[in-house]
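This report looks at a surface patch and at pairs of aromatic rings.

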Amino acid sequence: MLGTRRLRLSERGWRLYLALWLVALAAIAGIVAGLTLPKVFESTRPPSLVGGVVMGAKTVAAPPFTLRDQTGKTVSLSGFRGRVVALTFLDTQCRNLCPLQASLLGAVEGSLGRSVPFDIVVVSVRPDADTPATIAAFASASGLSGRYSWLTGTEAQLAEVWNNYGIGVQVATGDIEHSSVIYLIDRDGYERVGFLDVPVASAVENDVRVLATG
């Protein structure tokens with residue numbers, strides 16, 4: 001079972017996660033033009049990609065990982081090369097943003113159809129509770145079906161992935177608090193778009209289509 005502690009994020013993880021929040025706050029305040037993002041992001045956003053944070057082509061390689069999916073199969077991120085991946089971090093016991101994110105991604109997948117090379121990859125933030133049965137129940141209730149892989153592992157294995165992607169996880173009194181981010185990874189294995197919380201489905205769909213054909 002997970003212990004009560006706060007994970008320490010890497011410098012890269014903090015840069016990515018803080019940049020996502022800065023963009024969101026800037027949009028609300030109307031000061032996007034005056035905000036300077038870290039150099040890993042393009043200074044001029046490509047007009048074809050509309051995500052919250054857009055990263056330059058072949059700029060930020062998605063950190064590799066190998067975990068087990070809900071069927072017990074070993075899954076590596078590199079195995080998705082040639083397809084666009086929506087990577088997010090969820091908890092089957094969550095009743096707030098997690099079901100909304102899952103429902104959003106399920107709707108995007110349904111709208112895109114089978115002709116678009118797109119996969120949904122979920123990394124667990126609560127491995128002690130994310131069992132094949134709870135994952136299936138959560139996915140069904142949230143409208144997440146089809147091409148998704150819900151990955152789990154030991155706390156040490158998962159902590160490395162969380163840290164590499166700037167995901168903070170805090171466990172206290174049996175509850176979980178964690179960062180809520182969706183990354184889009186292109187067909188060559190590079191991070192290209194970052195969305196906070198629950199974005200507009202049309203924006204996610206647009207960016208998946210752009211990356212699938214780019």
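A patch is made of residues with over 30% relative accessible area and no salt bridge, where like charges are joined within 9 Å and nonpolar side chains (Val, Leu, Ile, Met, Phe, Trp, Tyr) within 5 Å. A salt bridge is a side-chain nitrogen of Lys or Arg within 4 Å of a carboxyl oxygen of Asp or Glu. Accessible areas come from the Shrake-Rupley method with a 1.4 Å probe, and for residues only the protein chains shown count as cover.

The model is predicted: local features need pLDDT of at least 70, and side-chain atom pairs count only at pLDDT 80 or more, while totals for chains, interfaces and linings use all residues. Residues are numbered from 1 along each chain as its sequence is written, and side-chain values use heavy atoms, with hydrogens and water left out.

L97, L100 and V198 form a nonpolar surface patch with about 220 Å² of accessible area together. V198 lies in the loop between β11 (190-196) and α5 (201-213); helices (H or I, at least four residues) and strands (E, at least two) are DSSP runs, numbered from the N terminus.

Rings of Phe, Tyr and Trp (its six-membered ring) pair if their centres lie within 6.5 Å; planes under 30 degrees apart count as stacked, over 60 as edge-to-face and the rest as tilted. The count comes to four aromatic pairs, including these:

| Pair | Centre distance | Plane angle | Type |
|---|---|---|---|
| F89 and Y165 | 6.0 Å | 45° | tilted |
| F138 and W150 | 5.4 Å | 75° | edge-to-face |

F138 is in helix α3 (residues 132-142) and W150 in strand β7 (residues 148-151).
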